[in-house]
Amino acid sequence: MSKNLLFVILVAILLFLYLGTFQSSSNTPYRKTIIAMDTYVTTSVYSKDPQAAFDKVFQIFSDVERKVSFFEEKSALSCLNKRHLIKAGEAGFETLKALLEITLSYVKETDGYFDPSFAIYQAAYGFYDQNPRIPADEDIKAIVHLASFQNNVHISEEEIKTERGTLINLGGIAGGFALEECKKALLQKGYENFLIDDAGDIITEGTKPDGSLWKIGVKDPLDENPNSLAAHIVLPGGKAVSTSGSYERFIEVEGKKLNHIFDPMTGRPAESFVSVTVIGDSPIFVDVLSTALFAMPEEKAISFTENSKIAAFFITADGRRIISESAKNYITLPKRQNAQL
Amino acid sequence: MRNSDDISKLEQPDSSLSDSSETEDSKSEDMNCEETKGQVSLESIEESQKPIFFNKSDWATIILLLLLAPIFFLLGTADKGRIIKYEISSFGDKPEKITIIAPESGIYELDALAGKFVLEFAKDGKVKVKSSECPGKNCMRQGFAGAGESIICIPNMLMVEPIGEKQRAISEVDAVTK
């Protein structure tokens with residue numbers, strides 16, 4: 001090989017590699033992960049001033065957590081769970097009221113399959129006291145009347161009241177609510193291209209710098225490899241994705257894993273699916289709907305999805321993968337997996 | 001532009017070595033000045049001493065590795081996770097990329113530009129060049145490469161990169177819903 005040829009090749013390789021690094025550095029988002037509401041929130045921003053965006057996201061999540069976290073002892077929600085009464089003017093009242101009103105509308109919309117008062121079932125199973133157990137049928141019967149948001153939560157301008165014994169956990173909607181607030185705030189501040197990932201609940205805005213769409217992976221809970229993906233979702237800006245799974249939050253009793261989402265018809269953990277992903281415009285909608293669909297029996301979930309034209313992706317407990325009609329534009333399955341619908 | 005400046009200095013090693021003002025200039029505006037100086041002195045050694053153990057392709061590999069240093073630096077030392085696959089890229093006339101899913105351990109042989117090129121996979125997923133029919137055999141001396149590292153063979157125009165599972169998750173998607 002002549003010296004000249006070698007030199008030309010070397011120059012070409014170096015140019016290629018250097019251009020490659022510059023390209024990737026300008027295409028790499030500024031990322032920051034914070035811990036809020038017991039999960040990790042990662043913000044990816046393509047912008048010159050990412051820090052202000054990170055600060056805003058952190059501020060919003062902290063604020064929502066302070067007011068409506070189930071686990072934060074001094075939150076307005078914890079006060080409500082303890083005293084069953086919160087009056088206007090008390091700390092966090094307005095935020096809690098707004099969130100409970102949104103919750104009520106979704107409880108109605110999902111035929112009661114999304115209901116934050118199911119926390120009473122979680123408590124009966126020992127989700128909150130480190131003592132996992134399976135309650136007897138009569139124990140479940142004894143608390144069924146408490147597992148109804150519509151019957152037990154009373155919201156007015158002056159106060160929020162709950163019936164004695166009621167337990168409300170807004171974990172299934174607070175994350176989506178915080179993401180919605182983040183989206184509004186960042187758009188208002190002039191950020192155009194960003195992605196916020198609240199432990200798997202994701203909102204997208206704009207595109208990546210090269211104009212390409214956002215790529216979201218759906219975790220495959222049936223694969224032992226923790227990074228294995230069951231599907232790829234390609235999303236334009238202004239969308240939201242949320243997944244409810246039986247594998248992220250669960251308790252173990254006698255070797256059986258019991259997930260935290262309950263079927264209101266039985267008062268027992270829902271067992272139809274291992275993972276339900278919903279794609280939509282609003283982070284609150286997808287957060288709530290993924291939980292509601294997860295709680296439904298398979299047939300009900302599928303008919304509900306198609307009747308309401310929801311973009312959803314289901315992995316059933318026996319491993320089938322189902323893509324709803326509306327989701328077909330967004331979702332591709334890797335490998336040779338077959339999907340129904 | 002910066003790249004071509006670097007290269008032109010390569011061609012005239014003596015001028016940039018002797019001219020201190022130019023070195024200062026490049027120091028102030030160019031973060032790669034150290035690497036540039038490194039290559040220049042190596043090149044000048046080759047001209048004057050011509051050591052018998054290193055031929056031209058060896059030097060090319062060494063220079064390339066020096067130039068790659070900042071890239072590795074940028075990639076960072078973060079944990080890349082368990083190795084799940086290997087990418088073998090050819091940067092010859094027809095650039096190609098082969099992906100091999102991580103084998104348990106063993107040998108992988110391919111016909112490259114300069115003859116047989118044999119990779120050996122260790123149990124922990126690291127890979128090294130077991131044998132190569134290339135002239136310099138520099139690729140063999142690079143030893144085992146882990147996730148985020150790479151082995152380059154200039155005569156074969158090959159780059160071998162073990163890919164960690166965390167690297168993959170980052171590169172393929174922007175986020176994972178779970």
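Q: What do the axes and angles of helices stand for in this predicted model?
A: The model is predicted. An axis is a line fitted to C-alpha atoms, for a helix over the stretch in contact. Angles are taken between N-to-C directions, and they run from 0 to 180 degrees.

Q: At roughly what angle do the axes of helix 2 and helix 8 of chain A cross?
A: Helix 2 of chain A covers residues 50-68, and helix 8 of chain A covers residues 171-188. Their axes come within 9 Å. The crossing is right-handed. The angle is roughly 145°.

Q: How many residues of the contact of helix 2 with helix 8 of chain A are nonpolar?
A: Helix 2 of chain A brings residues including A:Ile60, A:Phe61 and A:Val64. Helix 8 of chain A brings residues including A:Phe177, A:Ala178 and A:Leu186. In this contact no residues are polar and two are charged. The nonpolar residues number 12.

Q: Is A:Phe54 buried, partly exposed or exposed?
A: A:Phe54 lies in helix 2 of chain A. A residue needs 20 or more C-beta neighbours within 10 Å to be buried, and 12 or fewer to be exposed. A:Phe54 has 18 inside 10 Å, so this residue counts as partly exposed.

Q: What distance separates the C-alpha atoms of A:Phe54 and A:Arg31?
A: Leaving out residues up to four places away in sequence, A:Phe54 touches A:Lys32 and A:Thr43. A:Arg31 is 23 residues from A:Phe54 along the chain. Their C-alpha atoms are separated by 8.5 Å.

Q: Which residue is the bridge partner of A:His154?
A: Strand 4 and strand 5 (residues 159-162) of chain A pair in the antiparallel sense over three bridges. The partner lies in strand 5 of chain A. The residue is A:Lys161.

Q: Why is strand 16 of chain A largely enclosed by the rest of the structure?
A: Strand 16 of chain A spans residues 311-316. A residue is buried if 20 or more other C-beta atoms lie within 10 Å of its own. The strand is largely enclosed because, of its six residues, the number buried is five.

Q: Which residue in the turn between strand 16 and strand 17 of chain A has a positive phi?
A: Three bridges join these antiparallel strands. A:Phe313 stands opposite A:Ile323 in strand 17 of chain A. The two strands form a hairpin with four residues between them. The residue with a positive phi, about 95°, is A:Gly319.

Key:
Residues are numbered from 1 along each chain as its sequence is written. Chains are lettered from A and ligands numbered from 1 in the order in which they are written. This is a predicted model: local features need pLDDT of at least 70, side-chain atom pairs count only at pLDDT 80 or more; totals for chains, interfaces and linings use all residues. A crossing is left-handed if the near helix is turned anticlockwise from the far one by less than a right angle, and right-handed if clockwise. Two residues are in contact if their C-beta atoms, placed from the backbone, lie within 7 Å. Ala, Val, Leu, Ile, Met, Phe, Trp, Tyr, Cys and Pro count as nonpolar, Asp, Glu, Lys and Arg as charged, and the others, Gly among them, as polar. Two strands pair if DSSP finds at least two bridges between them.
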